[in-house]
Amino acid sequence: MSGADYGTGSLVAAGTAGKKVSAIARYGISTVNTCKLLCSLATIMKVKNCVELGTSLGLTTAYLSRALPKGHIWTFEGNLDLCRLAGQNWNHLGCQNITMVPGAIDDNLGNVQKLVKKIDFAIVD
């Protein structure tokens, strides 16, 4: 991976710059159990608008997309290579209720807040 990295990465090694996708998948994403828990919470709460800060490979986002077919997920990622990979994953999985917001969260969160009247669920991933 190359490009900007605004996140903290994993506990094993910070950031994504210079990392292989396999290393990000192994150490830098949420576990299956964490994804299932987030989906359960979002379903119980009947979430319509979800904000995810930190997309990475987009797998948590895909779980949420499937759990919230009538909802929408706004996800932020600073690394443009990861944005591209996440988008490919969502296309492959048929996820259509996701909006990728590339770039620094500080620069973009305010714009999304203006578009979304109410954020029901927010996660930092």
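## The main core

The largest nonpolar core here has 15 residues, and those with the most contacts inside it are A42, V47, C50, L64, W90 and F121. A nonpolar core is a set of buried Ala, Val, Leu, Ile, Met, Phe, Trp, Tyr and Cys residues joined through side-chain atoms within 4.5 Å, with buried meaning under 20% relative accessible area (1.4 Å probe, protein chains only). At least two core residues each come from α2 (32–44), α3 (59–67), α4 (80–93) and β4 (121–124). The largest share, 3 residues, belongs to α2.

This is a predicted model, where local features need pLDDT of at least 70, side-chain atom pairs count only at pLDDT 80 or more, and totals for chains, interfaces and linings use all residues. Residues are numbered from 1 along each chain as its sequence is written, and side-chain values use heavy atoms, leaving out hydrogens and water.

## The sheet

Now for the strands (DSSP E runs of at least two residues; helices are H or I runs of at least four, and both are numbered from the N terminus). Four of them make an open, parallel sheet in the order β3-β2-β1-β4. At the edges sit β3 (98–102) and β4, each pairing on one side only; pairing takes at least two DSSP bridges.

Strand β2 (residues 72–77) is joined to β3 by 5 bridges. I73 stands opposite I98 in β3.

## Helices across the sheet

Helix α3 lies across β1 (49–53), β2, β3 and β4, at about 170 degrees to β2. Helix α5 (residues 105–115) lies across β1, β2 and β3, at about 165 degrees to β2. Those angles, on a scale from 0 to 180 degrees, are between N-to-C directions of axes fitted to C-alpha atoms, for helices over the stretch in contact (heavy atoms within 4.5 Å).

Methods: Buried < 20%, exposed > 50% of the residue type's maximum accessible area, 1.4 Å probe, protein only.
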